[in-house]
Amino acid sequence: MMRQGAKQYVVARPLYSEESFAEEHVKVYRHRKTILDHIKQYFTCDAKRAKNAALSLLPVIGWMKIYQIKEWLVSDIVSGVSTGLVAVLQGLAYCLLASLPPRYGLFSAFFPVIIYFFLGTSRHISVGPFPVLCLMIGSVVTRLVPDEGPPANITGFEGLNTDEQRVLVASSVTFLVGIMQLAMGVLQVGFVVMYLSDTLVSGFTTAAAVHILVSQLKFVLGLQVPGISGPLAIIYTLEIIFNKITSTNVCDLVIALVIMVVVFIVKELNDRFKSKLPVPIPIEVIMTVIACGISYAFNFRAKYGIDTVGHIPKGYESPMAPNLHIFQETAVEAFPMAIVGFAVAFSVAKVYSVKHDYTIDGNQELIAFGVSNIFGASFKSFAASTALSRSAVQESTGGKTQVAGLLSAIIVMIVTLAIGFLLDPLPKSVLGAVVIVNLKGMLMQFRDIPYLWRRDRPDCVVWIGTCIASILLGLDLGLAVGLGVELVSVVLRTQFPRCSVLANIKGTDIYRDRKDYCEIYEPVGVKIFRIPSPIFFANIEFFRSKLVEAIGFSPLRVLRKRNKAVRMIRKLLKKGDLQWTSRGFMTTSCGPIKESEDESNMEDLDLPTDFKDLPARIDWNGELPSNIVVPRVDIHSLILDFAAVSFLDISALKGLKTALKELIRVEVEVYIVACDPYILEKLHNCCFFDDEVQPSIFFLTLHDAMLHIIEKYPDSTEKKSDFDKIITTVTVHNPGASLRSRDKYAPPSETKF
């Protein structure tokens with residue numbers, strides 16, 4: 001109950017161990033489903049489930065039923081047109097990253113969008129080319145079909161020119177990526193993206209931005225640089241660029257610099273005045289149109305030798321089957337593409353779903369992107385995900401649903417079918433400049449390093465490790481290294497947790513790390529040890545070593561010393577060199593007692609101390625016969641706080657039981673508190689308990705165990721001079737008895753700390 005006029009609460013309840021609590025409070029029986037039950041449920045079908053399955057596989061049905069034509073249609077049209085213009089430009093630009101002719105970027109901005117409209121659960125992301133994926137595809141393309149030298153020995157390359165071979169590689173890899181994503185969606189493994197932390201993704205995308213920047217330098221400088229893939233490819237590429245730097249096409253460089261400066265400035269103005277602008281100024285589109293017009297008017301291609309987009313044929317090409325030989329050559333690279341493409345899209349979709357209050361389904365997103373990539377690859381597009389800048393345009397211009405995405409695809413289709421020829425004189429340096437300017441957000445992630453170093457150094461190591469590995473080894477190997485570093489950091493955090501010794505905060509039932517507070521109370525002879533992590537095979541020895549460090553002695557060493565001492569006392573009594581009197585043991589021999597060197601039956605030293613055949617039980621903290629030295633044990637009770645222990649494995653169970661037995665055998669009573677019920681159930685099922693380790697050592701809360709110890713050892717808890725000065729009290733009610741004092745200085749019905 002709450003006391004009137006004060007932020008305090010008073011609770012009167014029995015002191016509970018786990019056993020006493022279970023006796024008084026009956027748990028509700030819950031039937032736990034077996035694996036067979038789950039399988040039966042999975043394959044059971046009825047009308048309601050069939051309807052839900054159809055709605056989940058076709059999310060468009062769900063949001064189309066609530067589509068508000070008057071309120072949303074105009075916004076979707078404005079958003080669709082704006083996004084479509086950006087999609088056209090980015091499709092052409094990002095296609096350069098994939099080392100493909102620019103027109104295929106328009107295919108990637110069209111076909112996947114159509115499928116995602118029906119199958120996707122996000123209403124705001126813009127599906128299409130994503131620079132990181134394009135770069136990963138480009139590395140595969142240049143590996144199998146290099147700029148210089150013969151292509152790989154692939155069945156199906158016969159009779160195809162270089163561009164056609166590259167398109168076949170890109171579409172086949174995309175098809176394989178789609179199959180992997182679809183398989184993961186069907187198998188309901190969308191949770192895999194949880195292993196890609198924000199820190200890892202940030203470091204990975206920053207490294208990808210560096211790769212993209214380097215890959216676009218050849219277009220900005222107007223140089224002929226062959227595509228290089230594999231580890232250290234970025235170093236070799238930079239070496240070639242610097243060797244050819246004197247051959248820079250000044251016209252390309254000037255065009256690119258002007259485009260970058262203007263686009264950067266206008267984008268900054270868009271961000272600063274976005275609340276006042278009805279729609280962001282499509283500066284990339286405007287500058288592209290201007291550059292295209294100037295290039296055509298002054299014939300830059302003939303006068304200055306700049307490289308342009310070239311002829312873009314009207315219409316679409318006929319569908320094409322993937323190449324199975326390419327599947328075999330690219331399976332290892334396709335898997336990280338599938339993961340990265342989905343992870344980025346899902347992360348962006350999650351941000352917008354939270355902002356606009358609707359739910360997205362990770363498994364359905366996998367299915368949507370899988371089918372989108374399979375369908376798109378059949379029409380020679382390459383892997384799709386979502387570009388952050390394009391999605392931001394779709395959302396910020398008022399897009400409400402994927403109707404905006406469908407309209408953007410229509411804009412791309414119009415360009416492909418009708419006006420693509422107008423882009424013939426567009427310099428590739430313009431596209432390279434647009435790509436570089438759009439890298440600002442990803443490159444600015446370098447600012448995360450100081451923040452992470454101050455806040456969380458293991459996360460900072462993950463970021464730096466992922467970034468450096470991805471830059472030097474390539475994006476596929478870099479992602480694998482980043483995952484490895486991330487998993488190692490998680491393992492190390494759980495393997496070496498920050499264990500602590502707790503103490504009572506005076507006047508409360510609260511326990512905190514004794515190093516952090518001044519006003520604490522620690523009963524004499526009691527230690528409270530806390531481990532804030534699961535206990536498993538990798539950290540059980542660390543747990544035991546920290547426990548020994550906390551209590552100040554090794555129980556096993558003390559036990560062996562005691563058993564050796566008992567052996568010696570028995571021998572001395574048998575020889576008559578030692579006698580038992582009312583005052584204790586008395587030495588009768590004149591010379592010093594020599595310690596026994598008998599090393600036989602050493603395993604018996606680890607067994608419980610046997611006082612059989614001795615005249616009395618030995619007080620190990622009292623005075624012992626001369627030359628018999630046994631380490632003192634200054635504690636009588638140890639409390640293990642398991643509040644943060646979420647699971648124990650078999651190795652941990654064995655190690656824990658061994659540690660408990662060693663402590664019990666040196667006459668230290670052990671109590672485990674706040675243990676998870678499922679862990680307790682597992683202990684029973686694994687026959688953890690025996691004559692030495694009993695269920696009675698488990699208590700409901702830390703304070704229950706402490707009150708139990710104070711009641712059991714009242715004298716030892718009164719040795720503190722300030723014990724009676726602690727003012728806050730805790731009321732404890734015993735079942736079957738009236739409220740009574742736990743301390744002779746406390747008022748009735750109260751226990752003082």
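These legends describe close-up views of a predicted model.

**View 1. Two domains of the protein.** The protein is divided into domain 1, residues 71–146 + 160–491, and domain 2, residues 500–553 + 633–712. Between the C-alpha centres of domain 1 and domain 2 the separation is 54 Å.

**View 2. Helix 5 against helix 19.** Two packed helices are described by the angle between their axes and the distance between the axes. Here the axes of helix 5 (residues 69–97) and helix 19 (residues 428–437) cross at roughly 95° and come within 9 Å. Angles from 65 to 115 degrees count as roughly perpendicular, so helix 5 is roughly perpendicular to helix 19.

**View 3. Residues at the contact of helix 5 with helix 19.** On the helix 5 side, the contact is made by L89, L92, A93, Y94 and L96. These meet K428, L431, V434 and V435 in helix 19. Sorted by class, the contact has 8 nonpolar residues, no polar residues and 1 charged residue.

**View 4. The pairing partners of strand 9.** Strand 6 (residues 526–530) pairs with strand 9 in the parallel sense over 5 bridges. L640 in strand 9 can be followed in both pairings: F529 stands opposite L640, and in strand 10 the bridge partner of L640 is I672.

Technical notes. Residues numbered from 1 in each chain as written. Predicted model: local features only at pLDDT ≥ 70, side-chain atom pairs only at ≥ 80, totals over all residues. Heavy atoms only, no water. Axes fitted to C-alpha atoms, helices over the stretch in contact; angles between N-to-C directions. Helix = DSSP H or I, 4+ residues; strand = E, 2+ residues; numbered from the N terminus. Parallel < 35°, antiparallel > 145°, perpendicular 65-115°, else oblique. Contact = heavy atoms within 4.5 Å. Nonpolar A, V, L, I, M, F, W, Y, C, P; charged D, E, K, R; others polar. Domains from an automatic or database assignment. Pairing = 2+ DSSP bridges.
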